[in-house]
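Please keep the sequence and the model in view while reading.

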Amino acid sequence: MHFTNHLRNVIKQLQKTISHEQNIVTCDRLRISVRGGAGGSGIARYNGTGGAGGSVYFVARPEIAFKDIPKALGGTLETRVLVAKAAPGTSSTQTKLIGDKGRDLIVNVPLGVELVNEENNVLLGRCNRVHQKLLVARGGDGASVVNGYKPGKGENFVLSVHLKLRPNVGLVGFPNAGKSTLLKAFIPRKEVKTAPYPFTTLEPQIGFWKPKKQSVADDPFTLTIADLPGLIEGASRNRGKGHHFLKHLEYCGILLLVIDVNGFQLKASFDEPYRTALETIALLNIELENYDKELVKKPAVVLLNKMDIAKDPQEAEQLKERLLEKRWYDSLPREMRPKMPLRFRSAILASAKKQDINELKTALAQIHHDTNPLDAPKDVRTRQQKLLV
């Protein structure tokens, strides 16, 4: 029962944060001009002290959706730069020599967002704990003898609020590899747009997969799967908004590389080279390590998709075996070899279109068990123990 409630709360929290009926992330970044309040003026001849300006705080709240942030600041998701301004301190008067402190501004944000100062690209904080309170922009000091009766200005800069997904599984691949079709295979009832052309998926979307065979005695087991828009070569340099999508892999538990077994070419032109399935895997590996070296340390699975239309099934079988080797990249040109190669826990041949993914489901459940043993179903959790008896 404990795990049932925990999983239910996790799913509800993620759905609340995204706040979209189809669990599509339509906006994952907001720009906010944060301004601490100015300090109040003083009266030197009476030793009157101005009040300090209010400060701007960000507080993590579990009931807040990402789209609630601009509403609270009087804007919308489309507002170019929102404004969060604390109140100034009141000035000293002859009847009240000590001015009042300006009112602080509290900006409520969802759990899991990150705050980045755009001026110097410094991470100000991660809102990971419920009711965590972060001081973002400090108010100015009130005028007093200490500062020569010159009231201080509040801190003022533009920050970005980043929503980063925390899926159990992150789907990674070039355009038209079949990622959305795979998500549909996991969750047939989910509405997922699929089409035979690149860039069908324009925004990240989340699906919740729960195995059918779960008895009352089993611990609940649910995987959140993030379908990200297709990457292209140069994504780690932000080509094709690569950073916009790669950031959602930072907290994922398992990388699932979805590869067209027949290779990939972005468009039929001399400007875009054709890449084999092996080259595609190596290039994705390079993009991941260039963006964040921690990504390639995550558990990884490679799915060689579209086996129903494979040009050479025997070659696909050979590639599958090669990918399980430590130096799977040795046959590639030196410039295509990753510096930090992924170590694949499993390589699987399948057809997402035919929903032939039982082997993949088993592999993901097993890896999830290895990293989260208390969340996996009992049959998966005890399989290895039975083999050792």
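Buried is used here for residues with under 20% relative accessible area, exposed for those over 50%, and partly exposed for those in between, with a 1.4 Å probe and protein chains only. The model is predicted, and local features need pLDDT of at least 70, side-chain atom pairs count only at pLDDT 80 or more, while totals for chains, interfaces and linings use all residues. Residues are numbered from 1 along each chain as its sequence is written, and side-chain values use heavy atoms, with hydrogens and water left out. Helices (H or I, at least four residues) and strands (E, at least two) are DSSP runs, numbered from the N terminus.

**Helices and their cover**

- In helix α6, which spans residues 313-323, the buried residues include A316, L319, K320 and L323.
- Viewed down the axis of α6, these buried residues fall within an arc of 105°, so they line one face of the helix; the arc is that of the directions from the helix axis to the C-beta atoms.
- An α-helix has 3.6 residues a turn, so residues three or four places apart point the same way.
- The cover over the buried residues of α6 includes α5 (277-291), β13 (300-305), β14 (344-349) and α7 (358-371), where contact means heavy atoms within 4.5 Å.
- Helix α3 (residues 179-186) is largely enclosed by the rest of the structure, because six of its eight residues are buried.
- The buried residues of α3 are K179, S180, L182, L183, A185 and F186, and they pack against β9 (169-172), β10 (205-209), β11 (223-227), β12 (254-260), β13 and α7.

**Strand β3 and its partner**

- Strands β1 and β3 run parallel and are joined by four bridges, two strands being paired if DSSP finds at least two bridges between them.
- Within this pairing, S33 stands opposite V83 of β3.

**Loop residues**

- Y46 lies in the loop between β1 (29-35) and β2 (56-60), and Y46 is partly exposed, with a relative accessible area of 38%.
- N47 has its place in the loop between β1 and β2, and has a positive phi of about 60° although it is not a glycine.
- N176, in the loop between β9 and α3, has a positive phi of about 65° without being a glycine.
- At 31% relative accessibility, N176 counts as partly exposed.
- Most residues other than glycine have a negative phi.
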